[in-house]
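Q: Could we go through this model together? I would like to start with the overall fold and then turn to particular residues.

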Amino acid sequence: MKKAFDWHLQAIKLVFSSLKSNRFWGYFVPGLAILVIYLLIEGFLNLLFPAITVNEGANWFSRNIGSGWTKVGSLLDFMITQVFIFFIITLLSPVNTILSEKLDCYLTGQKFNFSLARIVHDLVRMIAIVSIALTLELLCLFVWWIIAKIIGFDGTSFYGIISLLIGSFFYGFSFYDHSLERYNISVGQSVNFAFKNISIVLLTGICFKALYYFPYIWDTPIIGIVISPVI
């Protein structure tokens, strides 16, 4: 575990030194473009459906609005937020893959072939990886919920921490696949890598979650999903 922490500290220093030297800033642009489109759609929905709850963590109908029309708006807002997150993590995966390759080349000097076919392949593979990760995550969370319910841990801080760690592990797994894929590691081997290297995959996922949730402090959660995959 100590080695995993050391690797992540080195990686964080490398990331921010690269950004400080104006490398890789352009890779934030696609996410920001999708963010602008999302905000325009959400603004239009706010005009159609007043008092929409924007915070994805909030209960859809928590405001006791009583209006079926507004509840439909809240549901649409929630669905569009999830589609936005899906676009950032999944459909922008070719962009993040290119970024990963650029950084690999910068670190090791190794060159990788780039083609349209690879972009399509990376996209299809990431959809498969995200689907597998999401399925396994939900399964693990369900099993943990049953165990916690039986023991009486549900609703406690301990239950929340373990649930967060489970989610972090599978997010970390999906991001490691950007690098594993270009070294011709199959999807099955990628899953095997994740479970054999739980500590480093988990720490990467925790870093992602921290970056994702940090903007909630300023009530701007959508910014987190733009910056966290790139970082």
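Q: What are we looking at, and how are residues numbered?
A: This is a predicted model, in which local features need pLDDT of at least 70 and side-chain atom pairs count only at pLDDT 80 or more, while totals for chains, interfaces and linings use all residues. Residues are numbered from 1 along each chain as its sequence is written, and side-chain values use heavy atoms, with hydrogens and water left out.

Q: How many helices and strands are there in the protein?
A: The protein has nine helices and zero strands. Helices (H or I, at least four residues) and strands (E, at least two) are DSSP runs, numbered from the N terminus.

Q: And what share of the residues is buried?
A: Of the 231 residues, 36% are buried. Buried means under 20% relative accessible area, exposed over 50%, and partly exposed in between (1.4 Å probe, protein chains only).

Q: Which residues have the most contacts inside the largest nonpolar core?
A: They are Phe169, Phe173, Val201 and Ile225, in a core of 27 residues. Helix 2 (29-48), helix 5, helix 6 (157-182), helix 7 (187-196), helix 8 (198-213) and helix 9 (221-230) each give two or more residues to this core. A nonpolar core is a set of buried Ala, Val, Leu, Ile, Met, Phe, Trp, Tyr and Cys residues joined through side-chain atoms within 4.5 Å.

Q: What is Phe169 in contact with?
A: Leaving aside neighbours within four places in sequence, Phe169 is in contact with Ala194, Phe195, Ile198, Val201 and Leu202. Contact means heavy atoms within 4.5 Å.

Q: Where does Asn184 lie?
A: Asn184 is in the loop between helix 6 and helix 7. Its phi is near 60 degrees, a positive value in a residue other than glycine. Most residues other than glycine have a negative phi.

Q: Is Asn184 buried or exposed?
A: Asn184 is exposed, with a relative accessible area of 72%.
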